[in-house]
Amino acid sequence: MTRPGEGAAPGAADATVRALVHGRVQGVGFRWATRERLARLGLDGTATNRPDGTVEVVASGAPDAVDRLVAWLRDGPTPGDVTHVDVERAGGGWAGADARR
């Protein structure tokens with residue numbers, strides 16, 4: 001397994017992202033699969049159920065690995081049925097909702 005930052009260009013800074021995943025994503029193994037994906041990509045992070053039915057994913061590590069995680073959250077395949085993902089990158093605002101179907 002790689003550690004956060006491995007595989008990035010020398011001097012490249014870690015990236016951090018927060019994603020709110022909407023759809024049928026609770027009670028279907030989505031958090032477990034997300035934690036597995038975080039580990040495979042060498043990212044530090046969490047996946048947490050929220051009271052509104054979304055799952056909040058926070059991840060930090062090599063920018064290319066963070067981008068691959070976001071792509072996986074949006075395009076799958078993931079457990080459940082993701083309808084859209086709101087993404088916020090460190091230092092920025094909401095990047096908007098991306099539909100998935």
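**Figure 1. Confidence along the chain of this predicted model.** The mean pLDDT of the chain is 83, with 77% of its residues reaching 70 or more. Over residues 1-11 pLDDT stays under 50, and the model has 15 contacts (heavy atoms within 4.5 Å) beyond four places in sequence for this stretch. The model is predicted, and local features need pLDDT of at least 70, side-chain atom pairs counting only at pLDDT 80 or more, whereas totals for chains, interfaces and linings use all residues. Residues are numbered from 1 along each chain as its sequence is written, and side-chain values use heavy atoms, with hydrogens and water left out.

**Figure 2. The crossing of helix 1 and helix 2.** The axes of helix 1 (residues 30-41) and helix 2 (residues 63-75), lines fitted to C-alpha atoms over the stretch in contact, with angles running from 0 to 180 degrees between N-to-C directions, come within 10 Å and cross at roughly 155°. The contact is made by F30, A33, T34, R37, L38 and L41 of helix 1 and by A65, R68, L69, W72 and L73 of helix 2.

Figure 3. V66 has its place in helix 2 and is buried, with a relative accessible area of 0% (buried means under 20%, exposed over 50%, partly exposed in between, with a 1.4 Å probe and protein chains only). Leaving aside neighbours within four places in sequence, V66 is in contact with A15, V17, L43, S60, G61 and R89.

Conventions. Helices (H or I, at least four residues) and strands (E, at least two) are DSSP runs, numbered from the N terminus. pLDDT is the predictor's confidence in each residue, from 0 to 100.
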